[in-house]
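Subject: Structure handover

Hello,

Here is the structure for your set-up work. Please load it before reading on.

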Amino acid sequence: MTTAIYSHPDCQRHEMGQWHPESPARLQAIADQLINSHIDDLLQHREAPLVDLADVARNHSPNAIAIVKTQPHEGDDYYPIDGDTSLNRHSWQAALRAAGAAVAATDAVIDGEIDNAFCAVRPPGHHARPSAPMGFCLFNNVAIAARHALDARGLKRVAIVDFDVHHGNGTEEAFRDERRVLMASFFQHPYYPYVDALPITPNRINVPVPAYTKGDVVRQLVLDKWLPALHAFKPEMLFISAGFDAHREDDLGGMGLVEADYAWMTEQLMAVAKKHAKGRIVSCLEGGYNLSALGRSVVAHVKALAEI
C-alpha cells in the first residue's frame, strides 16, 4: 500500500494558549513517534496546500468562513470565538492548510496516485458546524473533503467513520439529510458537546456509549452496528475522523481504548474499503491530547493503513 502523510508547518503555528490541550505539540508528538517506530521512511510525505474557498463553501456558510478569517486586534494574542476556541494570527492559514490537506488527499486517492492518506493536521474539524466553528474546530475538514468527493469528483456514495471520544456533531449536522453519506461513530455520552445523537437510520449509525467503555465493547459495536451498515451502503470512498482521545491514558476522555483497538478498527475499515471502494481511505486527525498515547495510537493507525 502507498500511504501518504499530509501536513504543513502552518498547522503548528495556530495555537490558543500554553494551557490549551489542542496544542502544536500534538503534531510534533506524532512526527516523533513515526520516526521512532521506524515507519516514517516507508510513508510518502506530502505538503498540505491551501484549500480553495469554493470547497469550504460547500459545507460552511459565508458567516462561518468570515468568523475563521477574523484576526486578533493589534496587540492581542488571541481572539476568542467560543468558551474553549480562540484564534491567533496564524489560525486562518492553518485552517486553510488543514482543509486543504483533506481535499488534496481526496484527489490523490481518487486519481490513484496513492492508496490512502492520513492528514496530520490541526485545527481539527468534526465539531465545526456548517454555520459556525465550535469546540477547538474551525472548518470541518472531513466534511469538506466528503463534499468535494461527491460534488466535485462525482462519487455517488461516501462513508464517514468517527472514532473520537466526542460526538462529531458538526459532521452529523452537515449530512443529516444527505442520502449519499453514511456516518458511523461511537462517542462517550453524556459528554461534550452535550447533544444527543439523531436516531439511528440506515445511513446514520452514531452510537452513544457510557464512560469507562473499553475496547472489547467497542469492537463488538463495530461488528454489530458499523460493519453491516457499511457493507449494505457500499461506499465508494471512506473518510475517517481519527480522534484518539478515547485512549485510556487521555484525560479529556473517559473511555478505555488502547493502540491495538485503533489498529483493529482501521483493519476492519480497510477491508470495507477494499471490497467496495477500491481501497480508498482518507483519514484526518481529530482529538487526542495525551501526547504519548496520541503518537503511539497514530502509529498503530498508520501502520494498519499502510499494511506494515
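Notes on the model follow, grouped by topic.

The model is predicted: local features need pLDDT of at least 70, side-chain atom pairs count only at pLDDT 80 or more, and totals for chains, interfaces and linings use all residues. Residues are numbered from 1 along each chain as its sequence is written, and side-chain values use heavy atoms, with hydrogens and water left out.

**Annotation**

An unreviewed UniProt entry carries the annotation "domain: Histone deacetylase" for residues 20–305. UniProt positions are in the numbering used here, feature names are shortened, and annotations may be inferred rather than shown by experiment. Over residues 20–305 the chain is 40% helix and 15% strand. The end C-alpha atoms of that stretch are 30 Å apart. Helices (H or I, at least four residues) and strands (E, at least two) are DSSP runs, numbered from the N terminus.

**Helix H2**

H2 covers residues 25–36. Its 12 residues reach 16 Å from first C-alpha to last, close to the 16 Å expected at 1.5 Å a residue. The expected span is 1.5 Å times one less than the number of residues. Arg-26, Leu-27, Ala-29, Ile-30 and Leu-34 are buried. They cover an arc of only 155° around the axis, which puts them on the same side of H2. (The arc is that of the directions from the helix axis to the C-beta atoms.) Buried means under 20% relative accessible area, exposed over 50%, partly exposed in between, with a 1.4 Å probe and protein chains only. The buried residues of H2 pack against strand S1 (3–7), helix H1 (10–13), strand S10 (281–285) and helix H10 (291–306). Ile-35 and Asn-36 are exposed, on the face turned away from the buried side.

**Helix H5**

H5 spans residues 91–110. Its end C-alpha atoms are 29 Å apart, which agrees with the 28 Å that its 20 residues should span. Of those 20 residues, 18 are buried. Just after H5, Gly-112 takes a positive phi of about 80°.

**Cores**

A nonpolar core is a set of buried Ala, Val, Leu, Ile, Met, Phe, Trp, Tyr and Cys residues joined through side-chain atoms within 4.5 Å. The largest has 81 residues. Tyr-6, Phe-186, Trp-226, Phe-239 and Met-265 have the most contacts inside it. A second, separate core of 13 residues includes Ile-65, Val-68, Leu-87 and Phe-139.

For Cys-284, the nearest cysteine sulfur is that of Cys-119, 3.9 Å away. Cys-11 is buried at 0% relative accessibility, and Cys-284 is buried at 1%.

**Backbone points to check**

Most residues other than glycine have a negative phi, and most peptide bonds are trans. Here are the exceptions to look at. A cis peptide bond joins Arg-122 and Pro-123, with omega about 10°. Pro-123 lies in the loop between S5 (116–119) and H6 (141–152). Another cis peptide bond joins His-189 and Pro-190, with omega about 0°. Pro-190 lies in the loop between S7 (181–188) and S8 (204–209). His-38 has a positive phi of about 65° and is exposed at 69% relative accessible area. Lys-278 has a positive phi near 60° and is exposed at 71%.

Best regards

Definitions and conventions
Contact means heavy atoms within 4.5 Å. A disulfide is a pair of cysteine sulfur atoms within 2.5 Å.
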